[in-house]
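Hello,

Here is the structure for you to look through. Please open it first, then read my notes below.

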Amino acid sequence: MPDAPRTVRVLIWNEHLHEVENETVRALYPAGIHGALAEAFEEVGGFEVGTATLNEPDHGITPARLQETDVLLWWGHKAHDRVSDAAAEAVQEAVLSGMGLVVLHSGHLSKPFRRLLGTHGSLRWREADEKERLWNLRPDHPILEGVPDQVTLEQEEMYGERFDVPDPDELLMISWFQGGEVFRSLCTWQRGYGSVVYFRPGHETYPTYHHPDVRRIVVQAGRWAAARLRRDARDSPNADALEPVPNPGKEHIL
Ligand code: ZN
């Protein structure tokens, strides 16, 4: 008999500044963007959901907490520089050792995302209340299960190419914007033992994280990226040979 599906431990990290400082954003996300995302996971079930925000001690993301996390979601926008290098490094190490990371919207400029991809993550952008159409390139992929061939968001911020990231291992969605630009809006990369997902929509002044297809994609991205294994990727052992070799135990001169 196959094992019962395990509970996936999700940690949702949110900068949580716009919702505190801006009336429009607070009205859209009274429990914070992290609260709306947590609700999306809880609706589906099968997840143990926690949240963390910038102003908590250590931003709520200590190595110990990450060790207990299968997948981390990341929403940040105006305070990337206030995230400590130690926290960014902890996220990077956790991903390399198997934790999943789902980076949302303006997290393309976050420290963990840039460290893991090794590029700037820059792009062109515009706030003009324009329509976005996301085209589903991989309806067979677990992240896009049950998602229609195209998803329309009536108003979103525009993100356009060139998106400064390494070629994704998997390109799952492309966005078209009313103003003419296109963008690689759902991508995955493997880093060490971990998976990184980037999903574009989610500007704070629009109700994007209440959209059922967006919520479905976020939850399925979390489930897909969740750690399948945790192993310290820093281990680089001196290996005993399995078969006879000419000089076993030969001195290694540094
Ligand atoms: Zn934005």
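This is a predicted model. Start with Lys 78, which pairs with Glu 21 in a salt bridge; their closest N and O atoms are 2.5 Å apart. The two sit in distant parts of the chain, 57 residues apart. Lys 78 is in the loop between E3 and helix H5 (85-96), and Glu 21 is in helix H1 (residues 18-21). Lys 78 is partly exposed at 44% relative accessible area. Glu 21 counts as exposed at 53%.

How many salt bridges are there by this rule? The count is 17.

Another one joins Glu 43 and Arg 215, with 3.1 Å between the closest N and O atoms. Glu 43 belongs to helix H3 (residues 32-44) and Arg 215 to helix H7, 172 residues apart. Glu 43 is exposed at 56% relative accessibility. Arg 215 is buried at 11%.

Next, look at Glu 68 and Arg 9. Their side chains form a salt bridge at 3.7 Å, N to O. Glu 68 lies in the loop between helix H4 (63-67) and strand E3 (71-75), and Arg 9 in strand E1 (residues 8-14), so the pair ties together parts 59 residues apart in sequence. Both residues also belong to a salt-bridge network with Arg 6 and Asp 70.

Finally, the metal. Which residues coordinate the zinc ion? They are His 105 (NE2), Glu 157 (OE) and His 203 (ND1), at 2.0 to 2.1 Å. Along the chain the donors follow the spacing H-x51-E-x45-H. Glu 157 is buried at 4% relative accessibility, and His 203 is buried at 1%.

Best wishes

How values were computed: Residues numbered from 1 in each chain as written. Predicted model: local features only at pLDDT ≥ 70, side-chain atom pairs only at ≥ 80, totals over all residues. Heavy atoms only, no water. Donors = N, O, S within 2.8 Å, 3.2 Å for Na, K, Ca; no water. Buried < 20%, exposed > 50% of the residue type's maximum accessible area, 1.4 Å probe, protein only. Salt bridge = Lys/Arg side-chain N within 4 Å of Asp/Glu carboxyl O. Helix = DSSP H or I, 4+ residues; strand = E, 2+ residues; numbered from the N terminus.
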